[in-house]
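Biologist: Put the model on screen, please, and let's go through it together.

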Amino acid sequence: MNIQRWIARREPSWQQLDALLRQAETHGLADLDTDNIKALASLYRSVSADLARARTQQMGETLVQDLQSLTSRGYGQIYQGSRRQNWQAILEFYRYGFPAVVRQSWGYIAIATALFIISGLIAWWYSWQDPTFMSLVLGPDFVESVRESEELWTVSILGQEPIASSSITINNISVALKAIVGGITFFVWTIPIFTPPGVFTLYVIVFNGLMIGAVATLVAQTNLAYDLWAFVFPHGSLELPAIFIAGGAGLILARAILLPGQYRRLDALKVYGLQATQLVYGIVPMLIIAGIIEGFFSPSPLIPSPVKYLVGTLLFAGLVKYCCTGTMDSQ
């Protein structure tokens with residue numbers, strides 16, 4: 001084998017790979033067009049083969065080191081670089097994409113929020129008028145235990161914060177997913193039937209609103225309202241909006257089935273399903289953070305209630321600002 005002739009024949013490929021790598025390293029893989037990306041991958045494979053041959057033929061330490069450097073850089077851009085691109089895409093979604101899709105879906109989210117508030121007010125009013133209504137919503141044993149102890153049930157979290165935080169997070173995500181899946185249909189095990197699209201979503205939102213309204217009356221009657229809302233404010237500032245967004249996602253899916261408009265139903269599900277999926281991706285971190293706060297921060301007796309109210313207010317204000325000011329145009 002004529003080593004010098006082989007080097008002369010292969011050297012243009014090495015130089016081409018080096019030029020493409022420099023461009024990718026300076027501006028990122030996104031700066032390369034499709035043809036250049038294909039060329040980069042092809043050259044990387046051929047140079048890797050050249051490196052193996054150079055080692056086998058003992059063509060000199062300098063050449064082997066140069067080819068090793070090229071292949072290492074190529075590997076970094078093709079494999080690790082693609083991972084960096086994926087992480088960048090994820091960060092870009094949470095920075096710009098999620099706020100944009102929330103604004104796009106504001107009508108559906110507003111309906112879910114309004115249903116929650118209205119059902120909460122109804123439960124609050126009826127609970128004051130008829131004590132049996134409160135027991136019907138919350139359970140008579142729970143209502144009686146709170147009235148007798150005159151103590152918040154949230155004290156049960158103390159001493160088992162990690163377990164409680166995990167359980168709370170799982171429960172919150174479960175509620176959100178039920179609200180979303182209910183937009184398509186939902187199998188009711190206790191009544192062995194499938195509910196129509198959107199019905200179970202409405203049920204989840206309204207039922208949670210009724211529970212909050214009934215609880216509000218119960219703590220007001222037992223002089224526990226200030227302490228309860230101090231507990232709720234820090235995590236509720238993220239948890240409740242996440243549930244409203246989940247409800248909005250469920251209503252979007254129901255709209256795709258019931259009112260597909262100009263689309264066929266399958267096409268409408270693809271279009272609106274993407275919108276709902278983006279909402280799901282966005283609320284999962286919100287629910288995880290809310291679960292951590294509810295497990296460790298909200299029940300802590302060492303943190304004064306005014307601080308909890310302040311933290312909850314600041315978190316909610318930050319969430320509103322994030323959803324209102326994030327824009328895809330800023331990328």
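**Walking through the model**

Modeller: Let's start with D50, whose side chain makes a polar contact with the side chain of W14, at 2.9 Å. A polar contact here is a pair of N or O atoms within 3.5 Å; within protein, one must be able to donate a hydrogen and the other to accept it, and residues adjacent in sequence count only if both atoms are side-chain atoms.

Biologist: Before we go on, what are the ground rules for this model?

Modeller: It's a predicted model, where local features need pLDDT of at least 70 and side-chain atom pairs count only at pLDDT 80 or more, while totals for chains, interfaces and linings use all residues. Residues are numbered from 1 along each chain as its sequence is written, and side-chain values use heavy atoms, with hydrogens and water left out.

Biologist: OK, back to D50. Buried or exposed?

Modeller: D50 has a relative accessible area of 7%, so it counts as buried. The cut-offs: buried is under 20% relative accessible area, exposed is over 50%, and partly exposed is in between (1.4 Å probe, protein chains only).

Biologist: Which helix is D50 in, then?

Modeller: Helix α2, residues 34-56. Helices are DSSP runs of H or I with at least four residues, strands are runs of E with at least two, and both are numbered from the N terminus.

Biologist: What does D50 touch?

Modeller: W6, R10, W14 and L67, if you skip residues up to four places away in sequence. A touch, or contact, means heavy atoms within 4.5 Å.

Biologist: Zooming out, how many helices and strands are there?

Modeller: The protein chain has eleven helices and two strands. In sequence order the pattern is α-α-α-α-α-α-α-β-β-α-α-α-α.

Biologist: How much of the protein chain is buried?

Modeller: 42% of its 331 residues. On the contact side, take the pairs with a separation of 6 or more: 73% of those contacts are between residues 24 or more positions apart.

Biologist: Switching to rings. How many aromatic pairs did you get?

Modeller: Twelve aromatic pairs. Rings of Phe, Tyr and Trp (its six-membered ring) pair if their centres lie within 6.5 Å; planes under 30 degrees apart are stacked, over 60 edge-to-face, and the rest tilted. F98 and Y322 make a tilted pair, 6.3 Å centre to centre with 35° between the planes.

Biologist: Where do those two sit?

Modeller: In distant parts of the chain: F98 is in helix α3 (residues 61-104) and Y322 in helix α11 (residues 305-325), 224 residues apart. F98 is buried at 1% relative accessible area, whereas Y322 is partly exposed at 28%.

Biologist: And why is the W125 and Y126 pair called edge-to-face?

Modeller: Because their planes are at 85°, with ring centres 5.1 Å apart. W125 is partly exposed at 46% relative accessibility, and Y126 is partly exposed too, at 42%.

Biologist: Which residues do ring pairs link into a cluster?

Modeller: F93, Y94, F98 and Y322.

Biologist: What about S105, buried or exposed?

Modeller: Buried, at 0% relative accessibility. S105 is in the loop between α3 and α4 (106-129), and a polar atom of its side chain is 2.8 Å from the backbone oxygen of V101. Apart from neighbours within four places in sequence, S105 contacts I252, Q275 and L279.

Biologist: Helix geometry next. Where does α9 bend?

Modeller: At G236, by about 60°. The bend at a residue is the angle between axes fitted to the seven residues ending there and the seven starting there. The expected span is 1.5 Å times one less than the number of residues.

Biologist: How many residues of α9 are buried?

Modeller: 26 of its 34, so mostly covered.

Biologist: And α10, where is the kink there?

Modeller: Centred on G273, at about 25°. The 33 residues of helix α10 (residues 265-297) should span 48 Å, and its end C-alpha atoms are 45 Å apart, which agrees.

Biologist: Last one: what is phi at N223?

Modeller: Near 60°, a positive value in a residue other than glycine. Most residues other than glycine have a negative phi. N223 is in the loop between α8 (199-221) and α9, and is exposed at 71% relative accessible area.
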